[in-house]
Amino acid sequence: MPPPAAGPLPPPPAGPGQGPGYPAPQPYGQRFAPAYAPYQPKKSNTGVIVAVALIGVVALGGGLVAAIALLGGSTRHTADAGYSSTYPSYSYTSTSASSSTTSSTTSSSTRSTGSTGTRSTRSTETRSTAPTQTGPRSVAKLGDNPLFAQANGGLQNIPCSLSRWATNQASVQQFFQSGIRCLDAMWSKALSEANLPFSTPNLSVPASISESSTPCGSGGTATGVTPFYCPTNHTIYMPMNRIEIETWGNHPGPYLSILAHEYGHHVQAMSGISEAYGEKRYDSGADSAAGLELSRRMELQAQCFSGMFLGSAVAAGGSVDRNIYNEAWNAQDRGDDYSRNGKRDHGTAKHNISWWQHGATKNRNQQCNTWNSSSGDVS
């Protein structure tokens with residue numbers, strides 16, 4: 001495939017102390033956080049899954065809390081890494097238009113309604129005539145998703161203009177909203193090049209959040225400490241009490257990388273990756289070894305997408321300077337090593353670091369195709 005019309009996308013400068021090729025991870029924290037229990041494989045319980053799904057949806061708690069000292073700092077934080085909900089963990093439902101023809105199905109069939117895990121049985125179904133959807137559509141595929149079709153596809157180096165970071169709620173809201181505008185500018189072009197739909201996500205920055213605050217509950221975590229993306233209403237939730245202000249203080253890099261991770265889940269939803277993921281994880285069993293590996297591929301891809309954004313932005317100039325980039329680079333020590341429930345659904349700290357840095361230094365969609373990676377690279 002030819003490169004995008006805007007020209008080639010050279011990778012940004014390598015990270016601190018890194019040379020060409022797959023970046024070696026930076027040192028990371030202790031292997032086990034307090035209360036960590038080694039993962040024990042569990043059998044999938046479809047009946048329970050369906051019951052839970054009928055009661056309500058649970059968010060993909062893609063937000064991950066970091067656990068490494070900032071460059072030159074001394075604060076170290078270890079915490080639950082990401083969502084720890086029972087399946088369904090992702091509630092994205094495709095909004096593709098119905099067929100433009102009228103047809104009748106007389107034999108019984110079972111259809112998955114998306115990655116919520118809910119399935120419906122139809123004895124007779126009649127689909128009424130509906131207008132054909134025009135414009136790009138999401139494609140429910142994983143490794144062969146159109147997002148990864150172009151070898152040179154990636155993020156254009158567009159300068160980012162961020163609002164000034166401060167730790168009060170109004171400033172945090174403005175900072176994240178300006179970050180979303182930057183993410184929109186880059187990802188809208190990347191999705192357009194792949195002939196995929198684009199829309200900007202919503203943003204919510206509440207002081208705190210409760211189980212009834214969102215269509216996705218409180219984020220699906222056992223401890224309720226992480227930001228998350230809710231695909232039901234396409235909203236990124238960044239509660240003030242979950243973004244670790246006590247750890248990161250006035251260093252905007254870690255906050256921006258977490259926002260970019262959650263935005264990565266929005267990209268997965270728009271492209272159709274989320275729909276395909278939900279179907280496959282449902283069929284595999286959410287807590288089976290195969291189901292948890294799918295979850296790790298999903299999360300590590302969002303890590304890689306986050307790195308792509310920071311790497312592309314620092315190469316373009318603007319508000320994302322070398323200091324912000326270095327702060328983000330050194331804030332990726334997160335993952336299942338710090339899980340409090342032992343569930344292996346996000347990947348090791350080593351892989352969370354290396355996938356983020358890989359995205360930051362490569363800036364190619366194909367380089368973030370975790371679906372085609374070996375199991376050892378997403379453990």
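Q: Angles run from 0 to 180 degrees between N-to-C directions of axes, which are lines fitted to C-alpha atoms. At what angle does α4 run to β6?
A: In this predicted model, α4 runs at about 25 degrees to β6 and lies across β6 and β7.

Q: Why is the link between C160 and C182 called a disulfide?
A: The cut-off for a pair of cysteine sulfur atoms is 2.5 Å. The sulfur atoms of C160 and C182 are 2.0 Å apart, within that cut-off, and therefore the pair is a disulfide. A bond of this kind is covalent and joins the sulfur atoms of two cysteines.

Q: What makes the disulfide of C160 and C182 right-handed or left-handed?
A: The torsion about its S-S bond is about 85 degrees, so the disulfide of C160 and C182 is right-handed. C160 belongs to the loop between β4 (125-127) and α2 (169-193), while C182 belongs to helix α2, so the pair ties together parts that are 22 residues apart in sequence.

Q: What is the handedness of the link of C304 and C368?
A: The torsion about the S-S bond is -75 degrees, and the link of C304 and C368 is left-handed. C304 is in helix α6 (residues 289-316) and C368 is in the segment after α8 (349-362), 64 residues apart. C304 has a relative accessible area of 0% and is therefore buried; C368, also at 0%, is buried.

Q: How many disulfides are there, and what is their pairing?
A: The count comes to three. With the bonded cysteines of the protein chain numbered in sequence order, the pairing is 1-2, 3-4, 5-6.

Q: Which residues touch the most other members of the largest nonpolar core?
A: The core has 62 residues, and F176, F309 and L310 touch the most other members. Among the residues that F309 touches, leaving aside those up to four places away in sequence, are C160 and C182. A second, separate core of five residues includes C216, F228, C230 and Y237. In soluble globular proteins, nonpolar side chains tend to be buried together.

Q: Why are β5 and β6 said to stand at the edges of their sheet?
A: Three strands form an open sheet in the order β5-β7-β6, with mixed pairing. β5 and β6 each have a single partner strand, so one side of each is left without a neighbour in the sheet.

Q: What makes β6 and β7 a pair of strands?
A: At least two bridges are required.

Conventions: Residues numbered from 1 in each chain as written. Predicted model: local features only at pLDDT ≥ 70, side-chain atom pairs only at ≥ 80, totals over all residues. Heavy atoms only, no water. Helix = DSSP H or I, 4+ residues; strand = E, 2+ residues; numbered from the N terminus. Buried < 20%, exposed > 50% of the residue type's maximum accessible area, 1.4 Å probe, protein only. Core = buried A, V, L, I, M, F, W, Y, C linked by side-chain atoms within 4.5 Å. Contact = heavy atoms within 4.5 Å.
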